[in-house]
Amino acid sequence: MTAELEPNLPPVGARVTRTRTITDQDIVRFAEVSGDTNPVHLDEAYAAQSRFGRRIAHGFLTGSMISALIGTELPGPGSIYLGQTLKFSAPVYIGDTITVSVEVTKVRVDKGLVFLQTDCINQDGARVLTGEATVKYEPDPSVAP
C-alpha cells in the first residue's frame with residue numbers, strides 16, 4: 001500500500017448507522033432480483049402456517065443493507081468486499097424498522113484492509129443479524145474525503 005493512502009483509512013472505532021423500514025415492496029423486489037421466491041417471503045397463507053406465523057424478509061435483504069453502508073459510507077466508495085460472516089438470530093417482518101451499524105474493529109494499513117463489526121437491530125432492540133466483514137479499501141484519489 002502506498003503511503004498516500006494511509007491517511008484515508010478509517011480509524012478503529014469509526015461507526016456509522018442507517019435505518020430503514022422493511023416494506024412488502026422491498027421483499028417482492030428482492031425476490032425478483034435474487035430469484036428467491038420461497039413462499040415464506042411471498043405467500044401470506046403459506047407463511048401463516050410456518051413457524052414465523054407471517055411473511056418474513058429474506059435474510060440477505062437485511063444483509064444487503066450492510067453492504068450498502070460499507071460501499072457508500074464506511075469505509076465508502078472504493079470498498080471491495082473480501083468476506084462477511086452472518087448470523088441470523090431473529091426474523092425480520094414487513095413493517096420492522098432495522099438499524100444497521102458498521103464499526104471498524106481493526107485496520108491493516110500495510111494491506112489496506114479494514115475489519116468491521118456489522119449488526120442489524122430491530123425497533124424493539126433485538127439483534128436480528130450480526131457478523132464481521134473484511135474489506136479492501138482503495139479510495140478514489142480524485143474524490144475529496
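Predicted model: local features only at pLDDT ≥ 70, side-chain atom pairs only at ≥ 80, totals over all residues.
Four helices and six strands: that is the secondary structure of this protein. Read the elements from the N terminus and you get β-α-α-α-α-β-β-β-β-β. So much for the order. What about the dimensions? Along its principal axes, the C-alpha trace spans about 60 × 30 × 20 Å.

Now, helix packing. Two packed helices are described by the angle between their axes and the distance between the axes. Let's apply that here. Take helix 1, residues 24–34, and helix 4, residues 59–72. Their axes come within 10 Å. At what angle do the two axes cross? Roughly 95°. Angles from 65 to 115 degrees count as roughly perpendicular. Helix 1 and helix 4 are therefore roughly perpendicular to each other.

Which residues make that contact? From helix 1, you have Asp-26, Ile-27 and Phe-30. From helix 4, you have Phe-60, Leu-61 and Ser-64. Sort the residues of this contact by type. Four are nonpolar, one is polar and one is charged.

The loop between helix 4 and strand 2 contains Pro-75. Look at the peptide bond joining Leu-74 and Pro-75. Is the bond cis or trans? It is cis, with omega about 0°.

Glu-73 is in that loop too. Its partner in a salt bridge is Arg-18. The closest N and O atoms of the pair are 2.8 Å apart. Where does Arg-18 lie? In strand 1, residues 15–21. So this pair ties together parts that are 55 residues apart in sequence. How many salt bridges does the structure hold? Six, and the Arg-18 and Glu-73 pair is one of them.

Next, charges and rings. Find Arg-54 on the model. Its charged end sits over the ring of Tyr-93, 3.7 Å from the ring centre. Then find Lys-106. The charged end of Lys-106 sits over the ring of Phe-115, and here the distance to the centre is 5.2 Å. What about rings pairing with rings? A search of the whole structure finds one aromatic pair.

Quick recap. Helix 1 crosses helix 4 at roughly 95°. Thanks, everyone.

Methods. Residues numbered from 1 in each chain as written. Heavy atoms only, no water. Axes fitted to C-alpha atoms, helices over the stretch in contact; angles between N-to-C directions. Helix = DSSP H or I, 4+ residues; strand = E, 2+ residues; numbered from the N terminus. Parallel < 35°, antiparallel > 145°, perpendicular 65-115°, else oblique. Contact = heavy atoms within 4.5 Å. Nonpolar A, V, L, I, M, F, W, Y, C, P; charged D, E, K, R; others polar. Phe/Tyr/Trp six-rings, centres within 6.5 Å; stacked < 30°, edge-to-face > 60°. Lys NZ or Arg CZ within 6 Å of the ring centre and 35° of its normal. Salt bridge = Lys/Arg side-chain N within 4 Å of Asp/Glu carboxyl O.
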